Amino acid sequence: MGAYKYVEELYKKKQSDVLRFLLRVRCWEYRQMPSVVRLTRPSRPDKARRLGYKAKQGYVVYRARVRRGNRKRPVHKGIVYGKPVNQGITQLKPTRNLRNVAEERVGRKIGGLRVLNSYWINEDSCYKYFEVIMVDPAHAAIRNDARINWICNPVHKHRELRGLTSAGKSYRGLRAKGFGANKARPSKRSNWTRRNSLSLRRFR
């Protein structure tokens, strides 16, 4: 086994003494830092490499902090001027997962870079911390690399905001296949529109 494999096996046992101590100490450090901060290198190099990171020019890693828990309905004083069915304020679950929220925040803050992928690094009672792999589409090292230069196309601008990253496909229900995922493709909205639209053949 190589070094990356040992690190991977270590992270599979998160309740071991070594990792509990390491995560606790690192989490204290993360709490003192801003919510979005650039890193010199990934804290989990094995995980980052599996998700497409390379230690070369044009690749950047950012750490993002997201508050844990459910999504509270953003209404003034908790008053919903509508029917009782919509009057719930707390205990509402967000559609998007927290990893995607972290990607979106980094993507909005650093608009010139493209989000490649992200992964969990830490959590405490209040926050979850994720590292987001970003790629510079204007850098020559990226544009000349045939494995990654697909991300330079304009169609991949802000892919994290449109649910095209790995975390985005997860909350859109695209991880499932077959009979159980009939209404998820190509998206829930377009599938619903197609099933609820009458389309008749025209005589020409």
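In which helix do Arg50 and Asp46 both lie, and how many residues apart are they? Both belong to helix α3 (residues 45-50), four residues apart, about one turn of the helix. The following paragraphs place this pair in the wider structure.

This is a predicted model, in which local features need pLDDT of at least 70 and side-chain atom pairs count only at pLDDT 80 or more, whereas totals for chains, interfaces and linings use all residues. Residues are numbered from 1 along each chain as its sequence is written, and side-chain values use heavy atoms, with hydrogens and water left out.

The protein chain contains seven helices and four strands. These elements are DSSP runs numbered from the N terminus, with helices (H or I) of at least four residues and strands (E) of at least two. Along the sequence, their order is α-α-β-α-β-α-β-β-α-α-α. The C-alpha trace spans about 65 × 50 × 35 Å along its principal axes. Of the contacts (heavy atoms within 4.5 Å) between residues at least 6 apart in sequence, 60% join residues at least 24 apart.

The surface may be considered next. The protein chain exposes about 14100 Å², and carbon and sulfur atoms supply 52% of that area; accessible areas come from the Shrake-Rupley method with a 1.4 Å probe, and for residues only the protein chains shown count as cover. Of the 204 residues, 35% are buried. Here, buried means under 20% relative accessible area, exposed means over 50%, and partly exposed lies in between (1.4 Å probe, protein chains only).

Charge is the next topic. The protein chain carries 51 positive and 13 negative charges, whose mean positions are 12 Å apart. Lys and Arg count as positive and Asp and Glu as negative, while His and the chain ends are not counted. Each charge is placed at NZ of Lys, CZ of Arg, CG of Asp or CD of Glu.

Side chains of opposite charge can pair when their charged atoms come close. A salt bridge is defined as a side-chain nitrogen of Lys or Arg within 4 Å of a carboxyl oxygen of Asp or Glu. By this rule there are 12 salt bridges. One of them joins Arg50 and Asp46, at 3.1 Å from N to O. Asp46 is buried, with a relative accessible area of 3%, whereas Arg50 is partly exposed at 44%. Lys12 forms a salt bridge with Glu8, their closest N and O atoms being 3.9 Å apart. Because its relative accessibility is 17%, Glu8 counts as buried. Glu123 and Lys128 also form a salt bridge, at 3.8 Å between the closest N and O atoms. Glu123 is partly exposed at 31% relative accessibility, and Lys128 is partly exposed at 22%. Salt bridges that share partners join Lys5, Glu8, Glu9, Lys12, Asp46 and Arg50 into one network.

Aromatic rings supply another kind of pairing. Rings of Phe, Tyr and Trp (its six-membered ring) pair if their centres lie within 6.5 Å; planes under 30 degrees apart count as stacked, over 60 as edge-to-face and the rest as tilted. The whole structure holds three aromatic pairs. The ring centres of Tyr30 and Tyr129 are 5.4 Å apart and their planes meet at 50°, so this pair is tilted. The pair links distant parts of the chain, since Tyr30 lies in helix α2 (residues 17-32) and Tyr129 in strand β4 (residues 127-135), 99 residues apart. Tyr30 and Tyr129 are both buried. Tyr127 and Tyr129 form another tilted pair, with 6.3 Å from centre to centre and 55° between the planes. Tyr127 is buried as well.
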